[in-house]
Amino acid sequence: MGLKVLEITRDARSIHGLRHQDYQRYRTYCSKKIQRVRKLTGSSQIEDKKYSKKDMDVITDKRQLEILLFQSERAWSYSMQLKLESEKDPRKKFHAIKRLKKATTYSQQLIDFCVDEDASTELEVKAYSTFLNAQLKFETYEWQDALDAFVAARSMYEKLALVSDSTHNQTLCQSVIDEIDPSIRYCAYNLRLEVGQAIDIDELLELRNQSGSLGMDLLSSKIESLLENNLNSREESQKSFEWRNETFVVTNSKLLEAILSIQNLEHHLNDLPQPQDYLNLDTEHEDILSFTKARLELYDKIVGSLWEATTLIETNLKENHEATLKATSSKSDEITNNLKLIQSFIVSKRIAKTLERSQYLIQINNTKMAFQRNGQRIGDDKKAVKHEDNVKLCQAMLQTMKEYTTIQAVEDGSFAALISAQTHYLTALRKYQFNRYYGELNKYEEALLLIEQASETIVHCKLELESVRSMEIDDDATVMADIEASYKALEENLLSSKCACMANLYLQGQNVDHVSSQVESLTLDSKKDISLYSKMSFSTQLDPKATPHIIDLTPSVAPIPIRPMFFDLAYEGIEFPINNLKRLEKGLEPIDRLLEEAEDEDTHMEVQETENSDKKGLLGFLWGK
């Protein structure tokens, strides 16, 4: 039937109260759960509103196993509740021990019903029962028996963690082991083992296993043999990989299969002819088409497999995060870091292959444009290839480079410098493609400017590579060699393009046919044609046969002075004698304009105050007017 005891109990405990040590709430949940399962399986103990006890002698439904499991959980939670209350009332401790014995009884019944189950289920149920029995011996101060039971339970959970495919189950097993270890140390302390020294759990386990404790007899030969088969298949489905001087282990079988298939496809890709061997004008069109088709198909398969692997590792990370929220163990960080390293490896490889595919498409476009200049077409392409297509590919590659910031390995200094160097190279490549585009439009000045900028960007790329060279990482050496070969080829292309642009600029400014026509039209009497309106100030002789140039229909733009900056300040210093004419006629001295304006303003204010006072009336003082 199969029963995931550890997953069911841990999930129920974390959701229904034990996260806050609320044992009473969890006990209530267990009671309601038992009632629901009994009702669903037809084994309810209430008939006609009367209670009639029904012992579970035969199991016909898998869900009936949950009745025994949650009966044990209910008794255990009640025992833990009474243990907390016994701090104030010591008599409750005896009741707590009785409930713990009841829990072990239910767990033993569960073992009897799971004898014929698969090995992992039988081992999980025995581990659960052994752990409860160890807790019972611990509470009754039977240190030797408690130690044997704790050691047996710990060994079982270690094997369950080894054969489990789910990171969630591995985390749960490790969390139980973390709970058991302090109890083992305390039992060893009370038995006076290794007095005065720190007790090593591994040495203690080895000591108890060699002594052949009674707790280890719970592992039957059937379970041991089946576990060996599971461990062998588990080892076959595990493989370690090394990336950037770090080792990670892939335990997920689907993810491992995806990574191995990607490596197989990469081997097939390397066996194909290199692009520089057939992307030239000397190769037949059919050969170019067949080689490019085969290579692009492999690129598509590799990138598609990498996307599937990305989805799988994201699912594993999500499951691990959920498991960590429910139960945290001492190895939770180790498992999480391993998964994040796998994710960084897959994402980095996917980005690298995507960039490699885009650069291969640029090489194909360059070859097609070379054939187009000779008046030929490759295949059935009706649409001509243009430099704008390469510019778009470069822009897409730069956008892809931004995904590197989402992976964990970017924190490494050499990897960050390598990404920066590759970004500089792709930026220079995009400027070179823009240069070729402007060259087609005869915009050679803009093309020359782009060449200068691309050369500066390559200098930055070289500086970043020099910083990476000092760090000895094997994976970086291959990438550095590829980038160096790429930017050296780009430098040669920039140099040839610069020479072509300068030559075209010279020819554009010194056109031979245009210059010869200008020389033939030159005469000694050649003057600029000036309009008659402009020559009105001096005498001119008109040609009666020629049409006179009277005026320019579009007047030339001439600069005019703007408003003075200190116009207002100048206004204050200007005197207006018109206001003082009457005073001058009478022989009086003129009055300053500013004083006159001030006197007029005072007079105006006095008139307004008089008018307002007239409007107040008899009761004006009431409203303040």
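Tutor: We begin with a definition: a residue is buried when its relative accessible area is under 20%, exposed when it is over 50%, and partly exposed in between. Please keep in mind throughout that this is a predicted model.

Student: Which residues is Gln-508 in contact with, leaving aside its neighbours within four places in sequence?

Tutor: With those neighbours set aside, Gln-508 is in contact with Asn-442 and Tyr-444. Gln-508 and Tyr-444 are 64 residues apart along the chain, and their C-alpha atoms are separated by 9.3 Å, whereas a contact is judged on heavy atoms within 4.5 Å.

Student: What makes the pairing of Arg-10 and Glu-179 a salt bridge?

Tutor: The side chains of Arg-10 and Glu-179 meet at 2.8 Å, N to O, and because the cut-off for such a nitrogen and a carboxyl oxygen is 4 Å, the pair qualifies as a salt bridge. Arg-10 belongs to helix α1 (residues 5–15) and Glu-179 to helix α7 (residues 167–190), so that distant parts of the chain, 169 residues apart, are linked by the pair.

Student: Are the two partners buried or partly exposed?

Tutor: Arg-10, with a relative accessible area of 12%, is buried, because the limit for that label is under 20%. Glu-179, at 37% relative accessibility, counts as partly exposed.

Student: What does the salt bridge of Asp-181 and Arg-154 tie together?

Tutor: The side chains of Asp-181 and Arg-154 meet at 2.5 Å, N to O. Because Asp-181 lies in helix α7 and Arg-154 in helix α6 (residues 143–163), the pair ties together parts that are 27 residues apart in sequence. Both Asp-181 and Arg-154 are buried.

Student: How do you know that Glu-491 and Lys-462 form a salt bridge?

Tutor: Their side chains meet at 2.8 Å, N to O, which is again judged against the 4 Å cut-off. This pair links distant parts of the chain, with Glu-491 in helix α17 and Lys-462 in helix α16 (residues 444–469), 29 residues apart. Glu-491 is partly exposed at a relative accessible area of 30%, and Lys-462 is partly exposed at 32%. The structure holds 16 salt bridges, and a network of salt bridges links Glu-266, Lys-349, Lys-353 and Glu-356.

Student: Which residues have the most contacts inside the largest nonpolar core?

Tutor: They are Ile-346 and Leu-429, in a core of 68 residues. Helix α13 (residues 332–373) gives the largest share of this core, 14 residues. Apart from this core lies another, of 54 residues, among them Leu-18, Leu-65, Leu-68 and Leu-160. Leaving aside neighbours within four places in sequence, Leu-429 is in contact with Ile-362, Cys-394, Met-397 and Leu-490.

Student: What makes the phi of Gln-21 worth a remark?

Tutor: Most residues other than glycine have a negative phi. Gln-21 is not a glycine, yet has a positive phi of about 60 degrees. Gln-21 is found in the loop between α1 and α2, and with a relative accessible area of 49% Gln-21 is partly exposed. Tyr-141, which is not a glycine either, has a positive phi of about 65 degrees, and is found in the loop between α5 and α6.

Student: Where does pLDDT stay under 50?

Tutor: Residues 194–198 are one such stretch, and there the model has three contacts beyond four places in sequence. Residues 522–527 are another, with zero contacts of that kind. Where pLDDT is low, the predicted coordinates should not be read in detail. The chain averages a pLDDT of 77, and 71% of the residues score at least 70.

Notes:
Residues numbered from 1 in each chain as written. Predicted model: local features only at pLDDT ≥ 70, side-chain atom pairs only at ≥ 80, totals over all residues. Heavy atoms only, no water. Core = buried A, V, L, I, M, F, W, Y, C linked by side-chain atoms within 4.5 Å. Buried < 20%, exposed > 50% of the residue type's maximum accessible area, 1.4 Å probe, protein only. Helix = DSSP H or I, 4+ residues; strand = E, 2+ residues; numbered from the N terminus. pLDDT = per-residue confidence, 0-100.
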